[in-house]
Every structure is written in structure tokens, then in C-alpha cells.
Amino acid sequence: MLGSDVLLCFIFYSTLLILKMYIIAIITGQVRLRKKAFANTEDAERHGGVQFCRIDPYVERCRRAHRNDMENIFPFLFLGAIYSMTGPSYAVARLHFLVFFLGRVVHSIAYLLALKAPTRSFAYVIAQVPCVSMAIQILMDVASFA
């Protein structure tokens, strides 16, 4: 009912990526609680007072990691879905999806643990390669219709 093996593979990796984003959101919330650094006064008041309505560098790092996920995973979801409909080889498509997934996992780990440069940048670039590849293949498949 869900379609081709390529689409099922895409669904698998996309679901893992969404779960990873939820995990980053949960980590951000837990860090806020542990550091007592809340964005809203009502939350701060509930946890000790308005003095805890403040910015914490590690909470901000977690927020940036989450925002970076959204900036990169959402386009992957679009590209991967369209790419899956173009009839690619299963092995090649799986490689695209796996490389992106692993790149994003390494990127998040590097971001949250503040690993030495260029770990995070390298993971970012590695994850972008399959996205650029899929975008080019999609454009090549639809260019004659433009």
C-alpha cells in the first residue's frame, strides 16, 4: 500500500530523523530545567521566580542544534519524497538517505557536545551531498516539462 521499496526506505529514514528532532527538543527542555533558564516568565515563576527568565549559553546551543535540524531536515523531506517518485535505484536511494541520516546524527552530537571544529562542519557538508544530488536528479527528470 505504501509503494516502492525506495519510498519505504525513505519513510524509514525520515521517521528516524523526525524522532531525532523530538529528542533534541526534549534535550533542550531538560537543559532548561536543569539550568533554570526559561524563555517565558510564567515558566520561570513556576520554577523559582522571574530571575530564572534568562538566557543560558548551553540552552541556546541546544536551540541552535534544533533550529539547524529544521533548516536541513525539512528540505530533505521534500527532496527525498520527490526523489523517491523518480524511480531511482534502491541501492543508490538508500545510500542517499543513509548518508544524510548519519550526517545529521553526527552533526547533532557535535553541536550538543561542542566537539572540536571542523567536526560539525564536516558532518553538515556530508549530509548536504545527498540533498544536492537528489535535487540535481529531480531537476534532470523534470526539466523537459518546464
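The end C-alpha atoms of residues 122-140 lie 27 Å apart, and this span is 100% helix and 0% strand. Helices (H or I, at least four residues) and strands (E, at least two) are DSSP runs, numbered from the N terminus. This is a predicted model: local features need pLDDT of at least 70, side-chain atom pairs count only at pLDDT 80 or more, and totals for chains, interfaces and linings use all residues. Residues are numbered from 1 along each chain as its sequence is written, and side-chain values use heavy atoms, with hydrogens and water left out.

**Record and spans**
- UniProt, in an unreviewed entry, places "transmembrane region" at residues 6-27, 73-91, 97-115 and 122-140.
- Residues 6-27 are 100% helix and 0% strand, with end C-alpha atoms 32 Å apart.

**Helices α1 and α4**
- Helix α1 (residues 5-35) packs against helix α4 (residues 90-112) at about 5 degrees, and their axes are 9 Å apart.
- That angle makes α1 roughly parallel to α4 (angles under 35 degrees count as roughly parallel).
- In the contact (heavy atoms within 4.5 Å), the α1 residues include F10, L17 and I24.
- On the α4 side, F97, F101 and R104 are among them.
- By class, this contact has 16 nonpolar, one polar and four charged residues.
- Ala, Val, Leu, Ile, Met, Phe, Trp, Tyr, Cys and Pro count as nonpolar, Asp, Glu, Lys and Arg as charged, and the others, Gly among them, as polar.

**Helix α3**
- Helix α3 (residues 57-84) has 28 residues, so at 1.5 Å a residue it should span 40 Å.
- Its end C-alpha atoms are 40 Å apart, which agrees.
- The expected span is 1.5 Å times one less than the number of residues.
- D56 caps the N-terminal end of α3, with a side-chain oxygen 2.9 Å from the backbone nitrogen of Y58.

**Loops**
- Most residues other than glycine have a negative phi, and most peptide bonds are trans.
- K36 is not a glycine, yet its phi is positive, about 50 degrees.
- K36 sits in the loop between α1 and α2 (41-46).
- A cis peptide bond joins A117 and P118, with omega about 10 degrees.
- P118 lies in the loop between α4 and α5 (119-142).

Definitions and conventions
Axes are lines fitted to C-alpha atoms, for helices over the stretch in contact, and angles run from 0 to 180 degrees between N-to-C directions. Angles under 35 degrees count as roughly parallel, over 145 as roughly antiparallel, 65 to 115 as roughly perpendicular and the rest as oblique. UniProt positions are given in the numbering used here, feature names are shortened, and annotations may be inferred rather than shown by experiment. A polar contact is a pair of N or O atoms within 3.5 Å; within protein, one must be able to donate a hydrogen and the other to accept it, and residues adjacent in sequence count only if both atoms are side-chain atoms.
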